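Have the sequence and the 3D view open together. Read with one eye on each.

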Amino acid sequence: MPYANTIAVILAAGKGTRMHSDKPKVLQQLLGETMLSYVAATAGAVASRVLTVVGHGEELLRAAHPELAQDFVLQAEQKGTGHALQVAWDQVRASGATHCLVLNGDAPLVAPEDLEELLSTAREGADIAFLTAVLPDAGAFGRVLRGPDGEVTGIVEAKDFDPAVHGEDTGEVNTGLFCLAVAAVENALFSLTSANRAGEYYITDLVGLGVTSGLDVHALKREAALDLLGVNSPLELSQAEERLRAATAQKLLESGVLLHQPEGVVVGPRAVVEPGAEITGPCRVLGATRICRGAKVRAFCHLTDSVLEPGCEVREFCHLEGAHLFPGCIAGPYARLRPGAEVRENARVGNFVEMKKSVLGPGAKASHLTYLGDTSVGAGANIGAGTITCNYDGTHKHRTEIGAGAFIGSNTALVAPVRVGENALVGAGSVITKNVPDNALGISRSKQVNLEGRGKKP
Ligand code: UD1
Ligand code: CA
């Protein structure tokens, strides 16, 4: 349950130069979801409102996250993490929250549980509480400084850290997760200066300022805290993604999902895989996909936003996006099922068959080399190899209806809008432009001519 008196601010305005990408860093994805979506979910689990400070690539962020956009705060010029919080501060104050949680938008693996101790320390009276981690190689992270009795005295960014001035490098770094008492830190926040090597206003300077001005500052040290730290480069992103992937696969196995070659199984955070389902890696199961008990997904498949009901099977090399597979049906190998594809009970969609906004009725079959677009196929119908629904006239899309029990001969073009009746037959090679009544045979092809003696010379 989110805490009513707590607001969260996600800092997400930076460019992320070290990613070498044109898109804002927080739109980089792990397991098919943006970094920002992870951070926003974590923030939303503990805070009653979530502000996101955006700047670089603001329009792209709005387009990718309309659900967060009404609480975007624009930092037009990126003058540092402290400046980012200053820009959001009016809204923090106006919210009436007593505490402000600050998260970096580039730390996707922070979980709500990681924030519990921080929040309880703040509720017990700390004015500034932040999480630290001890790393074998502290790299570019901000160093935490402590006094003789272990009390925290400040944070110095790596660029500005000098052992001669700041003492031995203990490897204790700032994770960037802060919980601030809104009223108490305001003076310090607006006293930040940019007197450092980067010429930026650092949120980290709040710690030193807080200590010297007599605020109650707590640094909570975590030993193994790799997941709390941000992702700054493609290498760190892929390492973070792999940790998350492996942890998810492990949880699925423990819950009773059967994974073959689990090291190749990628399941996104919104996907649901029920115990008793079976997945063979390598395979990607992303978005809001749901795989029910008894459903099987074979290797080399890519699934997004799809539903696999009990007992259906997706064979190797299928690509599913917004598809719905009913119990007992079989897709693939090599099927492409696009948004609105429905494969009903015990139907079969075979190799090199593409479906879009189309229903393949119960027990119907489209086994080879077919395109079904804006089409409904009745129960038990058979769609021959090479059948194409011509659904697009260059301007509009049109529907094709194929009745129950119909048989469409191979290499048929069905020019929509068109209806083939129940139990109708269509001769192979036909171009069907007019409706075929129930129980009729529709055929449209030129007559064959045989010319004697005109074959190959022996
Ligand atoms: C920051 C911390 C560092 C800490 C590390 C943990 C500062 C000064 N340093 O360093 O102590 O060890 O995180 O991961 O805070 N941002 C803005 N506006 C700006 C600048 C940055 O919104 O003007 C955002 C970025 O988009 C990013 C976050 O703030 O999501 C952190 O900025 P980044 O540049 O990645 O800071 P680090 O160098 O990683
Ligand atoms: Ca960072």
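The model is predicted: local features need pLDDT of at least 70, side-chain atom pairs count only at pLDDT 80 or more, and totals for chains, interfaces and linings use all residues. Residues are numbered from 1 along each chain as its sequence is written, chains are lettered from A and ligands numbered from 1 in the order in which they are written, and side-chain values use heavy atoms, with hydrogens and water left out.

## Two pockets

Start with the terms. On a 1 Å grid over the protein atoms alone, a pocket is an open set of points with protein on both sides within 12 Å along at least five of seven lines. Lining residues have an atom within 4 Å of a point. Grid points are joined across faces, edges and corners, and a volume is the space filled by probe spheres set on the points; the probe is 1.4 Å.

The largest pocket holds about 1200 Å³ of space. Its lining has 39 residues, and Arg18, Thr81, Asp106, Glu200 and Asn232 are the closest to its centre. Helix H4 (81-94) and strand E10 (172-181) each supply at least two residues of this lining. E10 gives the largest share, 4 residues. Helices (H or I, at least four residues) and strands (E, at least two) are DSSP runs, numbered from the N terminus.

The second largest pocket holds about 660 Å³. It has 30 lining residues, and the closest to its centre are Tyr38, Pro108, Leu244, Thr248 and Pro269. Strand E3 (33-34), helix H1 (35-46), helix H5 (112-123) and helix H9 (234-255) each supply at least two residues of this lining. H9 gives the most, with 6 residues.

What classes of residue line the pockets? The largest pocket has 14 nonpolar, 17 polar and 8 charged residues in its lining. For the second largest pocket, the lining divides into 15 nonpolar, 8 polar and 7 charged. Here Ala, Val, Leu, Ile, Met, Phe, Trp, Tyr, Cys and Pro count as nonpolar, Asp, Glu, Lys and Arg as charged, and the others, Gly among them, as polar.

## Around ligand 1

There are 25 residues around ligand 1 (a heavy atom within 4 Å of it). Leu11, Gln75, Gly80, Glu157 and Asn174 come nearest.

| Residue (backbone N or O atom) | Distance to an oxygen atom of ligand 1 |
|---|---|
| Leu11 | 2.8 Å |
| Lys79 | 3.4 Å |
| Asn174 | 2.6 Å |

Asn174 lies in strand E10. Is Asn174 buried or exposed? Asn174 is buried, because its relative accessible area is 8%. Buried means under 20%, exposed over 50%, partly exposed in between, with a 1.4 Å probe and protein chains only. A polar atom of the Asn174 side chain lies 2.8 Å from the backbone nitrogen of Gly176. Leaving aside neighbours within four places in sequence, Asn174 is in contact (heavy atoms within 4.5 Å) with Phe130, Leu131, Gly142, Val144, Ile155, Thr204 and Leu229.

## Two more residues

His83 is in helix H4. His83 has 14% relative accessibility, so it counts as buried. Its side chain makes a polar contact of 2.8 Å with the side chain of Gln75. Within protein, such a contact needs one atom able to donate a hydrogen and the other to accept it, and residues adjacent in sequence count only if both atoms are side-chain atoms. Not counting residues up to four places away in sequence, His83 touches Gln75, Glu77 and Tyr201.

Glu116 is found in helix H5. Glu116 counts as partly exposed, because its relative accessibility is 33%. Beyond four places in sequence, Glu116 is in contact with Tyr3 and Val46. Leu360 is 244 residues from Glu116, and their C-alpha atoms are separated by 49 Å.

## Backbone details

Most residues other than glycine have a negative phi, and most peptide bonds are trans.

The bond from Gly281 to Pro282 is cis, with omega near -5°. Pro282 lies in the loop between strand E15 (278-280) and strand E16 (283-286). Gly332 and Pro333 are also joined by a cis peptide bond, with omega about 0°. Pro333 sits in the loop between strand E24 (330-331) and strand E25 (335-337).

Gln261 is not a glycine, yet has a positive phi of about 50°. Gln261 is in the loop between strand E12 (258-260) and strand E13 (265-267). Asn346, not a glycine either, has a positive phi of about 60°.

Methods:
Polar contact = N/O pair within 3.5 Å; in protein donor to acceptor, adjacent residues only side chain to side chain.
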